[in-house]
Amino acid sequence: MNYLSAENISRNLGERWVFKNLFFGLQKGEKVALIGKNGTGKTTLMESLMGMQTPDEGKISIRKGIRVGYLPQNPIFAENEEVLNYLFSDDLPSAVAIKSYEKAMMSGDPKELEDSFALMETHNAWDYEARAKQIISRLGIPDGDQKVSTLSGGQKKRLSLAKLLIESPDIMILDEPTNHLDIETIEWLEGIMSGPNVTVLVVSHDRYFLDKVCTKMMELADGSIYTYEGNYGYFLEKKAEREASDASSVSKAKNLYRKELEWMRKQPKARGTKSQSRIDAFYETEEKANKKLDDSKLELNIQMSRLGNKIIEINHLKKAWGDKKIINDFTYTFKKKDRIGIVGKNGAGKTTFLQLLTGLEQPDSGTIDPGETLVVGYYTQIAFDFRPEQRVIDTITEIAEVIPYGKNESLSPSQFLSKFLFPTSQQYTPVEKLSGGEKKRLQLMRVLVKNPNFLILDEPTNDLDLDTLQLLEDFLSEFQGCLLLVSHDRYFMDNLVDQLILVEGDGEVNFFNGNYTDYRIALENKDNEPAAKQSPVKAPTTSAPVAPKGPKLSFKEQKEFEELEKEMAALEIEKDSFVEKLNQGSEDFQLLTDWAKAIEDIKNKLEEKELRWLELSERA
């Protein structure tokens with residue numbers, strides 16, 4: 001069943017055609033990745049599909065009754081918006097019922113409780129509410145009465161994703177959904193997106209996510225759409241074949257164009273006239289011959305500063321925020337060519353650890369002793385500040401007028417920008433006019449321009465296109481200094497690190513010898529024991545995105561699995577009895593409150609048992 005169609009759509013932003021004469025559609029259950037370099041118009045295309053921008057030509061059709069949801073790269077919220085009001089808007093009756101119920105639970109007013117329970121029953125919103133709670137818990141959404149304006153950028157992105165998943169529209173259009181998620185949550189999201197009736201159009205740089213979820217790739221390049229039926233690996237293979245074919249076609253057209261140009265310049269003899277069909281063919285050949293092939297490549301040939309024997313020595317480091325322990329007694333001496341990834345859930349303290357190393361935060365106790373030759377390049381999740389009128393080239397000249405590059409070579413800021421795919425025409429435009437990915441690329445330049453010998457990268461893959469990401473990965477593979485990396489991109493992490501620092505919460509920080517996939521395999525093989533404490537032998541490096549399944553159910557677990565089904569059924573009956581009592585009402589307000597509390601307790605027990613049942617059923 002066709003859900004969405006784009007017919008001959010084009011978009012012009014004044015200076016250029018972003019895309020022209022595009023035809024494509026989305027079928028029910030399709031999972032499509034939209035791929036393209038930064039600045040090619042991916043966000044413009046998605047906003048056009050959502051009606052946020054109007055195509056200059058063509059039309060977009062959405063099947064009657066189909067709901068479309070959109071996760072933007074940088075969500076925008078109404079002023080003074082509260083978390084609860086945003087999550088459960090007035091568009092859906094079930095959402096209105098849940099919002100009423102949550103407010104009644106917070107207030108404790110018996111009359112409000114009675115009315116909200118009646119509303120929940122009317123709209124059969126209990127299942128909806130249970131699913132919403134699971135999503136909210138998984139994504140770490142803060143309290144419902146908190147102002148959205150007080151949240152961090154990452155929390156706002158997760159809040160927007162939670163709303164989309166709760167509403168469960170027929171089509172989900174997602175712009176970088178894995179940004180600001182920890183790895184465990186990304187794997188949970190993959191499970192949701194892979195559902196048979198879930199229809200997805202997604203922009204993502206996460207190659208494991210694309211391989212796991214998407215079965216069709218749409219590449220936006222040179223204003224056109226190229227479609228590939230298959231996963232990301234298949235796309236790379238076929239894209240290389242297409243580019244080779246395009247280059248060959250342009251070369252042949254140029255040779256033919258030179259011959260036909262001579263014929264066009266000759267005057268016809270006597271009263272003879274030139275063949276109109278040949279003239280038409282000439283102009284077609286001219287267009288092919290003048291087609292610009294996008295062969296621009298990001299160049300990374302940065303020379304690192306000399307690194308001495310002493311790098312960074314950490315002794316008995318401790319840090320806490322109030323009662324929350326971040327690091328408790330951590331000691332480590334960095335060695336040359338260390339390549340370490342940092343893994344932990346959101347909020348565990350990964351960024352705090354990096355800020356301690358860079359001096360942006362001070363430890364409660366312990367020491368961090370850097371070597372004399374240390375030059376740290378710190379790439380943060382937070383975008384760099386720029387003045388509204390600041391031009392692209394100004395952001396580099398304020399750091400250096402001359403940049404060492406390659407062997408015995410130096411570049412001007414303009415030449416350096418050209419190496420990073422900022423042409424001269426773009427170098428004198430305001431930074432605020434750049435796309436999100438282009439701003440991130442510029443931020444990376446500002447880190448590398450200092451020729452660091454110790455790179456600390458906090459989520460460097462966010463908003464970068466896949467081509468830039470591949471080149472960054474190649475550069476880091478050859479980098480001779482130390483690398484400390486926080487990334488939710490498992491493919492990126494697997495290929496670049498050989499050790500992990502596990503920030504496990506409550507101040508516990510451990511080491512693991514291996515990359516992320518090695519760590520997941522070790523966890524599975526140890527039946528979920530903390531792998532870092534066991535000091536396992538390093539497993540063979542693998543690029544497989546999914547770790548093998550754990551062992552089959554033991555006899556004890558099989559019995560537990562069977563009992564859970566009975567227990568859940570009994571709890572459902574118990575819940576229904578309390579709901580019926582509430583619907584009948586009572587003059588005793590305390591009794592109403594007790595019944596409401598009992599229902600809440602039962603629902604919490606049900607949720608725990610359902611999660612355990614799902615865990616066992618996957619292995620059964």
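Between which two strands does the loop that holds K337 lie? K337 sits in the loop between β11 (324-333) and β12 (339-343). The model shown in these views is predicted; local features need pLDDT of at least 70, side-chain atom pairs count only at pLDDT 80 or more, and totals for chains, interfaces and linings use all residues. Residues are numbered from 1 along each chain as its sequence is written, and side-chain values use heavy atoms, with hydrogens and water left out.

**View 1. The whole chain.**
The chain holds 21 helices and 20 strands. Helices (H or I, at least four residues) and strands (E, at least two) are DSSP runs, numbered from the N terminus. Of the 620 residues in the chain, 47% are buried. Buried means under 20% relative accessible area, exposed means over 50%, and partly exposed is in between (1.4 Å probe, protein chains only). A contact is a case of heavy atoms within 4.5 Å. Among the contacts in the chain with a separation of 6 or more, 67% come from residues 24 or more positions apart.

**View 2. Helices α3 and α5.**
Two packed helices are described by the angle between their axes and the distance between the axes. The axes of α3 (residues 93-107) and α5 (residues 126-138) come within 10 Å and cross at roughly 70°. Axes are lines fitted to C-alpha atoms, for helices over the stretch in contact, and angles run from 0 to 180 degrees between N-to-C directions. The helices α3 and α5 are therefore roughly perpendicular to each other. Angles of 65 to 115 degrees count as roughly perpendicular, under 35 as roughly parallel, over 145 as roughly antiparallel and the rest as oblique. On the α3 side the contact is made by S94, A95, I98, Y101 and E102, and on the α5 side by W126, Y128, E129 and K133. The residues of this contact of α3 with α5 divide into five nonpolar, one polar and three charged. Here Ala, Val, Leu, Ile, Met, Phe, Trp, Tyr, Cys and Pro count as nonpolar, Asp, Glu, Lys and Arg as charged, and the others, Gly among them, as polar.

**View 3. The sheet of β11, β10 and β13.**
Three strands form an open sheet in the order β11-β10-β13, with antiparallel pairing. Two strands pair if DSSP finds at least two bridges between them. The edge strands, β11 and β13 (365-370), each pair on one side only. From one strand to the next, the twist averages 20°. Strand β10 (residues 312-321) and β13 run antiparallel and are joined by five bridges. In one of these bridges, I312 has P370 of β13 as its partner.

**View 4. Helix α11.**
Helix α11 (residues 350-357) lies across β10, β11 and β13 and runs at about 130° to β10. The helix α11 is mostly covered, with seven of its eight residues buried. The buried residues are K350, T352, F353, L354, Q355, L356 and L357. After α11 comes G359, whose phi is positive, near 80°.

**View 5. Strand β12 and its neighbours.**
Strand β12 is mostly covered: five of its five residues are buried. From β12, R339, G341 and V343 point one way, whereas I340 and I342 point the other way. Four bridges join β12 to β18 (residues 482-486), and these two strands run parallel. Strand β12 also pairs in the parallel sense with β19 (residues 499-503), over four bridges. The bridge partner of I340 is L484 in β18 and Q499 in β19. The phi of K337 is near 65°, a positive value in a residue other than glycine.

**View 6. Residue N38.**
N38 is found in the loop between β3 (31-35) and α1 (42-49). At 12% relative accessibility, N38 counts as buried. N38 and K440 are 402 residues apart in sequence, yet their C-alpha atoms are 9.9 Å apart in space. Leaving out residues up to four places away in sequence, N38 touches S435, G437, E438, R441, D463, L464 and D465.

**View 7. Residue N451.**
N451 lies in the loop between α15 (436-448) and β17 (454-458). Although N451 is not a glycine, its phi is positive, about 55°. N451 counts as buried, at 9% relative accessibility.
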